[in-house]
Structures are given as C-alpha cells and as structure tokens.
Amino acid sequence: MSAQNLLEKAFISNKNEELSQAVARIIFVVIFYTYFITNILILDNELLSYAGWVFLSVVLLYSMIHYYWIIRKPQKNILRRMIAITIDISAVTLCIYFLEWASLIIYPVYLWIIVGNGMRFGSTYLYTAMVLAIIGFGLLLLYHPFWSANYKMGYGLMGIIVVLPLFFLVMLKRLQWSNQQLLEELALRKRQEAIMIEQSRHAAMGEMISNIAHQWRQPLNTISLVFHNINILHQLGTLDDKTIESSVETGTQITQMMSKTIDDFRNFFTPNKYKELFSVAQSIENAFTMIEASLKHHAIEVLMNLEKGLQCYGYPNEFSQVVLNLLVNAKDVLEEHRVKGATILISSYEQDGNAVVVVEDNGGGIQEEIIGKIFEPYFTTKEQGKGTGIGLYMSKLIIDEHMGGNLSVQNSDTGARFIITLDVMKKTGA
C-alpha cells in the first residue's frame, strides 16, 4: 500500500476519528525523529539529551501500540484517549523545550491537539488537553532559561492556549445547537411530508373509487338489462336454453371486464421501485383511461396530440399519476364553472432535448394573485371539504425532485396550462 493510499484510508475514508488521530500521531513523531536525526547527521548538532531520546522513543513505540490497540478494540475507551492526550502534550512540550526559537513552529500543535480532541470527542477531552498544555507550557515558562528570558511572549502564547480553545468550544456548542435545530427541522419536514403523502394516497383512493364507479356504471346497467330480459322471457314462457347460454356468456364477459378494470387501477397506483425507460405517450394514455368514463359523464371532451416514440427515464406510474392529477384538477374546474364545450387538450413533443407534456383546459384560468401559490402544500382553491391542497404539491415533488424535471403553470387565452418538462432519454421511430 502506497503512502498516499495509507493517508487517504486513514484521514478520508476512515470514519474512526480515534484511528485517524493515531495515524497522525505516528506521522508527527516520525517527523520529529527525522528532524532531530538530521541535525545530528548533517549539522552535527545534538539537540536532544539522552533522556530526550529515550522519551521520544517511548512516544514512538506507544504511538504504534496505540494504533494497534484501536484496531483490535475500536470501541470507545476513555483511558486510552486520556493516555493519548497526555503523550501528545508531553511530546510537544519536550520538542519546544529543546528547539527554543524554532519551537514557535511546533507551538500550534498544542492548539491542534486541544481543538482536535474537543472536536472529535467532546468538551471533556478539550478541557483535559487544555489543562495539560497549560501545565506543560507553564513549566517551560518557569524553568527554561529561554522562556524565562522571553516571558512576555511566553505569557502571550499561554493566553492563546486558554482563550482560543474556549472560543472554539463556544462556537462548537453553537454549531451543535444549530445542527440539532436543523435535524429537528428535517425530521419535522419528513413527518409532514409523510402525512401529506398519506393524505395524497387517501385522496387518490377516493378519486380511484369514483372513477371505478363511473367505469362500472354502464356494465352494471347492462347486467341489469340481461337479468330483466331473462325475467320477462321467463314470465312469457319463452325462455330457452340458447337465451340462457347467451345471457350467461354476456354476463361473464362483462364481469371479466369489470375485474380487469380493478386490476388496471391497482397496477396504476402501485409505485415503481426503480427508474426505467418508459413511453411518454403510453403513460399519458394510461392516465386518461383511469378517468375516461368520468370525463364522458361530465361531457368533457379530451383532445390528444401525442408524439409517439418519445421516451424518458424515470417512474412511469408516478408520472401517470401526475398526469391523472392534472386531468382531475381540470375536470373539477370545468365542472365547477359549468363551462359549455368543456375541453382538455393534452399534447406531448420534444423541444430542445426535452420531453414536454402540456395539459390545458378552457376553464377560465387561475387568478394572478394565487397562481404562484398553487404548488404550495395545503393550498387549494376548492370549497371546504372538496380539496386537500396536496395534489399539485405532490405532483411537483414527483416531477422536480424524484424525476429531475420541472412542473410549471401559466394561463392561456382560455384557461390554465400545466407544463411538464423531462429529459429525453430515447426517441424511437415509432
């Protein structure tokens, strides 16, 4: 393993902060060792005494033991952390003792140890490291000739050891508080979104039952006529086997069609788990099928101008549900305003490398003062009890966030125009 890979594994990909700190400790001690040996071999300058070399060797040995200790037992160990802080502060104090002016380069390591332990493990370890640093540097100020002679600078550096970590601790507490507030806000948003999704499902379920009722009305009337016809023929005494066989066949076909309607609705409202390539035109037609009977019941004409072969990558069922929701909204507006010649125009085409789907009605449009709010959660223009205000919000959430597209609205000359834009993944020759 190369040195670069070792560093990346230790400091970037490794989630164990204590192990990262152990690697950093080994690196620093090796640097110190290299520096002092270089002074002996090249500059012929013996900076460390015999006791200093012994202590530095002990620090290097312990650093390696500490590293393997964490690997074998990565669980939290207070004693191990306290020993590590003591070793670190002692090693830095030793280096400052022998380096004098050059020790100003080493001094910031005090702060790195104090702040680093506070950031990794909490305020208790920050205070511990700070107290040990004050003791270590205080001994230097009292007993080392260089620092005794430059006591003003030494006291200034001592003040930094006290003030800077405390300032950092205050900022860390504020950051933790802000982070906690953010987590609580995100949790609240997730709960609210879950509630809205559940409400949207209930609304969709109600709409589905209404559409099934419209789909079943004609077949049920037909079955009723079959039974009525059998009853009349029986009363007249002209009921024969051929008539019964024909009536049973007709009833069977109708009930099979009604069963297929249930399956179609159930499959339509089953969410897709994975993104897939889907036909935009087919998904629109699937949505139209779900509401076709209801639209006919309310005498609403639907005109479709769909570009065949246009395909996108995403969730086809969710996309169809968005189209269905736009059709339901248009139907409700046209019904509420009792528009004569009520019409919904659905078109799809490719433009600038995007698939564009437009759902437009002639229901008079949306008031300018509220058109910017219709995608907000719980905002509705319908009467109390007739709308939840989450249909358009969920539709925009699906298109914008789940499928990476855009759902927008504008007024046309005759009504509202909803525009869905998605990336085109493939265009076939169909």
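1. Salt bridges. Six salt bridges occur in this predicted model, a salt bridge being a side-chain nitrogen of Lys or Arg within 4 Å of a carboxyl oxygen of Asp or Glu. The model is predicted, with local features needing pLDDT of at least 70 and side-chain atom pairs counting only at pLDDT 80 or more, while totals for chains, interfaces and linings use all residues. Residues are numbered from 1 along each chain as its sequence is written, and side-chain values use heavy atoms, with hydrogens and water left out.

2. Lysine 308 and glutamate 285. These two residues form a salt bridge in which the closest N and O atoms are 2.7 Å apart. The pair links distant parts of the chain, 23 residues apart: lysine 308 belongs to the loop between β2 (301-306) and β3 (310-314), and glutamate 285 to helix α10 (residues 280-297). Helices (H or I, at least four residues) and strands (E, at least two) are DSSP runs, numbered from the N terminus. Lysine 308 is partly exposed, at a relative accessible area of 42%, and glutamate 285 is partly exposed at 25%. On this scale, buried means under 20% relative accessible area, exposed over 50%, and partly exposed in between (1.4 Å probe, protein chains only).

3. Glutamate 292 and lysine 296. A salt bridge also joins the side chains of glutamate 292 and lysine 296, at 3.4 Å from N to O. Both residues lie in helix α10, four residues apart, which is about one turn of the helix. Glutamate 292 is partly exposed, with a relative accessible area of 26%, whereas lysine 296 is exposed, with 60%.

4. Lysine 396 and aspartate 400. In helix α12 (residues 391-402), lysine 396 and aspartate 400 are four residues apart, about one turn of the helix. Their salt bridge has its closest N and O atoms 2.8 Å apart. Lysine 396 counts as partly exposed at 22% relative accessibility, and aspartate 400 counts as partly exposed at 23%.

5. Negative surface patch. Asp240, Asp241, Glu245 and Glu249 form a negative surface patch. Patches consist of residues with over 30% relative accessible area and no salt bridge, like charges being joined within 9 Å; accessible areas come from the Shrake-Rupley method with a 1.4 Å probe. Asp and Glu count as negative, and the place of a charge is taken as CG of Asp or CD of Glu.

6. Serine 294. This residue of helix α10 counts as buried, at 1% relative accessibility. Serine 294 and valine 328 are 34 residues apart in sequence, and their C-alpha atoms are 9.4 Å apart in space.

7. Positive phi values. Most residues other than glycine have a negative phi. Alanine 299 has a phi near 55 degrees, a positive value in a residue other than glycine. Alanine 299 is placed in the loop between α10 and β2 and is exposed, with a relative accessible area of 63%. Arginine 338 likewise has a positive phi, near 50 degrees. Arginine 338 lies in the loop between α11 (316-337) and β4 (343-351) and is exposed, with a relative accessible area of 74%.

Definitions and conventions
Patches are made of residues with over 30% relative accessible area and no salt bridge: like charges are joined within 9 Å, nonpolar side chains (Val, Leu, Ile, Met, Phe, Trp, Tyr) within 5 Å.
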